[in-house]
Amino acid sequence: MSDIQTVIGELQQADDDKLLEQLGAYSKAYASDAAKFSAPAAAIPLDMATMGPLDGLIEIGRRVLKRWQKVIYDLVCGGGEVDPDARKTILDSLKINSPEALAAAVAGVLISTFNVGPAIATIVGVLFGRLLLPAAGQVVCEYWKEQLA
């Protein structure tokens, strides 16, 4: 987990578009070589000939993030059968009021519960930290539901 925390610290320095671009590139390249994404800091070339325009990668990243937002929202805020340990992990990290703690919790849940590659899970975790931490003073699920609309 310390590798993930190190990468989270590095990713915190990037802006949202750069993270979404990277998430889009990872998502596009994952199918051809999933083994590359077993480390939190996967290095893949951003070759426009194979990846397409950067705006396209950002849009793919947004779509991937939105999909995971829905899944994690349902896990944390939804009813029905859920993994109570995963829910507790994420909710406990929100109490710490740290984007890094929330990013690590989300990444850990994505890896352990949904078998997402660490490289993708780490970027999604960082973006979640930026999305949900403003809800610290509000009811998290209500705020999050508004963000998903």
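Student: Which residues does I90 touch, not counting residues up to four places away in sequence?

Tutor: Please keep in mind that this is a predicted model. Leaving aside residues up to four places away in sequence, I90 touches I72, L75, V76, L102, A105, V106 and V109. I90 itself lies in helix α5, which covers residues 84–96, and the C-alpha atoms of I90 and A104, 14 residues apart along the chain, are separated by 9.1 Å.

Student: Is I90 buried or exposed, and how should I read the value for L91?

Tutor: The general idea is that a residue under 20% relative accessible area counts as buried, one over 50% as exposed, and one in between as partly exposed. I90 has a relative accessible area of 1%, so I90 is buried. L91, which is also found in helix α5, has a value of 30% and is therefore partly exposed. L91 and C77 are 14 residues apart in sequence, with their C-alpha atoms 9.7 Å apart in space.

Student: Which residues have the most contacts inside the largest nonpolar core?

Tutor: In soluble globular proteins, nonpolar side chains tend to be buried together. Here the largest nonpolar core has 40 residues, and those with the most contacts inside it are L23, I72, I90, L110, V124, F128 and W144. The elements that give two or more residues to this core are α1, α2, α4, α5, α6, α7 and α8, and α7 gives the most, with 10 residues. As for V124, this residue touches L23, L65, W68 and L110, again not counting residues up to four places away in sequence.

Student: At what angle do α4 and α6 pack?

Tutor: The angle between α4 and α6 is about 85°, with their axes 12 Å apart. Because angles of 65 to 115 degrees count as roughly perpendicular, α4 is described as roughly perpendicular to α6. The contact is made by W68, V71, I72 and L75 of α4 together with V109, L110 and F114 of α6; by class, it has seven nonpolar, no polar and no charged residues.

Student: Where is Q12 placed, and is Q12 buried or exposed?

Tutor: Q12 is in the loop between α1 and α2, and with a relative accessible area of 17% it is buried, since the cut-off is under 20%. Not counting residues up to four places away in sequence, Q12 touches P99, E100, V126 and R130.

Technical notes
Residues are numbered from 1 along each chain as its sequence is written. This is a predicted model: local features need pLDDT of at least 70, side-chain atom pairs count only at pLDDT 80 or more; totals for chains, interfaces and linings use all residues. Side-chain values use heavy atoms; hydrogens and water are left out. Helices (H or I, at least four residues) and strands (E, at least two) are DSSP runs, numbered from the N terminus. Buried means under 20% relative accessible area, exposed over 50%, partly exposed in between (1.4 Å probe, protein chains only). Contact means heavy atoms within 4.5 Å. A nonpolar core is a set of buried Ala, Val, Leu, Ile, Met, Phe, Trp, Tyr and Cys residues joined through side-chain atoms within 4.5 Å. Axes are lines fitted to C-alpha atoms, for helices over the stretch in contact, and angles run from 0 to 180 degrees between N-to-C directions. Angles under 35 degrees count as roughly parallel, over 145 as roughly antiparallel, 65 to 115 as roughly perpendicular and the rest as oblique. Ala, Val, Leu, Ile, Met, Phe, Trp, Tyr, Cys and Pro count as nonpolar, Asp, Glu, Lys and Arg as charged, and the others, Gly among them, as polar.
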